[in-house]
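Here are a few exercises to work through with the model open beside you. Try each task before you read its solution.

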Amino acid sequence: MKKTIGNRKNWKDMIGVLIVASLSLLIARQMIDSTSSLWTKADSVQENSFTGKETGTNTLLAEPVPLEIAALLKERETVIDYVQETTAVYAIISHSGRSDYGELLVIFQKNKSGIWERSYENDFKELKPWKIEVADIDGDGISEILTAVYKTTHFDEEERNRMFIFNYIDGILTKKWTGSDIAGNWNDFIVGDLLPMKGDELIFTQETDGKLEKISIYYWFDFGFLLLADSESYSDIQSVNILKENRLELKVSTGEKTRVILTLKDNKIVEVTD
Ligand SMILES: [Ca+2]
Ligand SMILES: [Ca+2]
């Protein structure tokens, strides 16, 4: 599971880097390795005759996915984000040439013969999903699928990032927790077992009033999430990473600081030196 996250508002800056990185990866692969298990977006451009020229969009941005999964993509499909478990891959896929949101949730599963199959898909177009993770938020041993979506709700007309959480069991997708207000205006999230309490914790990069950002940690209790603690504000949180139990690493650009280590102490998230 990917733990490091990028700040959504920095995507424009990252686009150039990603293009260069993708091109470099493609060139490197062609030079040294034709048997790599990684499948780049640039490869799918060739295979699916889906080029940036045709759509006017950049097609070098999507996530590299395993070769077995790339082989199961349909024409014009690109992977916006995905997460892999041992026998399942959960993917947000676009078929419209977009690189910022997807229109489909697709689940690939490895069957008993070890062959990957495209086993489920659902139209998520109205949700504008852009990030997907898998975790066990309530600690019951059953995985939850967490998606970051960008939409309005019945109670809030503003389009903004929201969390939709599902279970996928025996071919059926069910909503576990969807759309409720959490973490105000947040820009990104990670999920993982940061603290000893049951289940994986949800960690948001959240905007504060002064256009700064802070970290807030939520945990599952009974039927929803409770705020455990939040941090001081930083001017620009670029990534968040779980180092080990009760240690978060932030990449920031606040004054002289570029790296901050945080821990939960006395119900506050505070900086530590190690
Ligand atoms: Ca669970
Ligand atoms: Ca935990």
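Two strands count as paired if DSSP finds at least two bridges between them; strands (E, at least two residues) and helices (H or I, at least four) are DSSP runs, numbered from the N terminus. This is a predicted model, in which local features need pLDDT of at least 70, side-chain atom pairs count only at pLDDT 80 or more, and totals for chains, interfaces and linings use all residues. Residues are numbered from 1 along each chain as its sequence is written, while chains are lettered from A and ligands numbered from 1 in the order in which they are written.

**Exercise 1.** Find the order of the strands in the open sheet of 4 strands.

Solution. Start with the order, which is S11-S12-S13-S14, with antiparallel pairing. Next, look at the edges: S11 (186-192) and S14 (224-230) each have a single partner strand, so one side of each lacks a neighbour in the sheet. Then zoom in on S12 (residues 201-207) and S13 (residues 213-221), joined by 6 bridges. Here isoleucine 203 faces isoleucine 217 of S13.

**Exercise 2.** Examine the hairpin of S5 and S6.

Solution. First, strands S5 (residues 104-110) and S6 (residues 116-123) run antiparallel and share 7 bridges. Isoleucine 107 lies opposite tyrosine 120 in S6. Finally, 5 residues separate the strands, and glycine 114 has a positive phi near 85°.

**Exercise 3.** List the contacts of isoleucine 215 beyond its neighbours within four places in sequence.

Solution. Contact means C-beta atoms, placed from the backbone, within 7 Å. By this rule isoleucine 215 touches Ile203, Thr205, Asp230, Ser231, Val240, Leu248, Leu250, Leu262 and Ile269.

Definitions and conventions:
Two residues are in contact if their C-beta atoms, placed from the backbone, lie within 7 Å.
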